[in-house]
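Subject: Structure handover

Hello,

Here is the structure I promised you. Please open it and keep it beside this email.

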Amino acid sequence: MANTDESNPLLPNQQSEMKDEKKPNKPISSTTPAPPFPADPEKPLSAAVPMGWTAEGVPMGHGVVGDPIMNRAQWDSGLCACFGRTDEFCSSDIEVCLLGSMAPCVLYGSNAERLGSAPGTFANHCLPYTGLYLIGQSFFGSNCVAPCFTYPSRTAIRRKFNLEGSCEAFNRSSGCCGSFVEDEVQREQCDSICDFATHFFCHPCALCQEGRELRRRLPHPGFNAQQVLVMIPPNEQTMGR
């Protein structure tokens, strides 16, 4: 499972991100000058940085701005929201639901093409998925082989849009998995395992959720791939007297 994640074309920056995480952080030097006179022991020392509180009850100055956990967004729709929301994408959500239930190979190819932002890659993802789908149906009687190779697309969507994983969502709803959420490496490993489990056990629903998310965030690369130049002929000219 680790080899598939590293070699997947949808995750190009995974190794560089892991290298950046291993670099030691430089110590932050304090620029606050020392007081010219010794402090009065009877008066309490005030904090150098003014402390405040956010609307969620989190103290400011403790990594609220740069903390990736605090800035992670939620998915636009739930895993079982087959028809999405009643907005301008409602017809698109119904199309995604029909493709995920009857032609998952087409939906996976469309999702990969949008995520890769390169037109013409639809066949490179749709055809291998079709072969894995036929192998699973022929030997096991179900589509159990293709999800083992398509789950990295869910991980790529989470990293691209900074979405919370299943481990973080479970911790937000129930308060469990606190140690996994605090550690960045363990959190990412747990979320990758949850991505694999979501694709394996709820494969059509996972493809539909990813399709709804991508269609609301990214335009199809084929629509804006090339600019079309329209040549307008000049008007007929007549010689005046």
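First, the ground rules. This is a predicted model, where local features need pLDDT of at least 70, side-chain atom pairs count only at pLDDT 80 or more, and totals for chains, interfaces and linings use all residues. Residues are numbered from 1 along each chain as its sequence is written, and side-chain values use heavy atoms, with hydrogens and water left out. Helices (H or I, at least four residues) are DSSP runs, numbered from the N terminus.

Helix α5

Start with α5, residues 122-139. It has 18 residues. From first C-alpha to last, α5 reaches 26 Å, close to the 26 Å expected at 1.5 Å a residue. The expected span is 1.5 Å times one less than the number of residues.

Which residues of α5 are buried? They are His 125, Cys 126, Tyr 129 and Gly 136. Buried means under 20% relative accessible area, exposed over 50%, and partly exposed in between (1.4 Å probe, protein chains only).

The face away from the buried side carries the exposed residues Asn 124, Leu 127, Ser 138 and Phe 139. The buried residues pack against α4 (104-116), α6 (147-150) and α11 (203-217). Contact means heavy atoms within 4.5 Å.

After the helix

Gly 141 follows α5, and its phi is positive, near 75°. Ser 142 lies in the loop between α5 and α6. Ser 142 is partly exposed, at 32% relative accessibility. It touches Gly 136 and Gln 137, not counting residues up to four places away in sequence.

Helices α10 and α11

Helix α10 (residues 184-201) packs with α11 at about 115°, their axes 5 Å apart. The two are therefore roughly perpendicular (angles of 65 to 115 degrees count as such). Axes are lines fitted to C-alpha atoms over the stretch in contact, and angles run from 0 to 180 degrees between N-to-C directions. From α10, the contact uses Thr 198, His 199 and Phe 201. From α11, it uses His 203, Ala 206, Leu 207 and Glu 210.

One more loop

Look at Asn 162, between α7 (152-161) and α8 (166-174). Its phi is positive, about 55°, although Asn 162 is not a glycine. Asn 162 is partly exposed, with a relative accessible area of 27%.

Best wishes

Notes:
Parallel < 35°, antiparallel > 145°, perpendicular 65-115°, else oblique.
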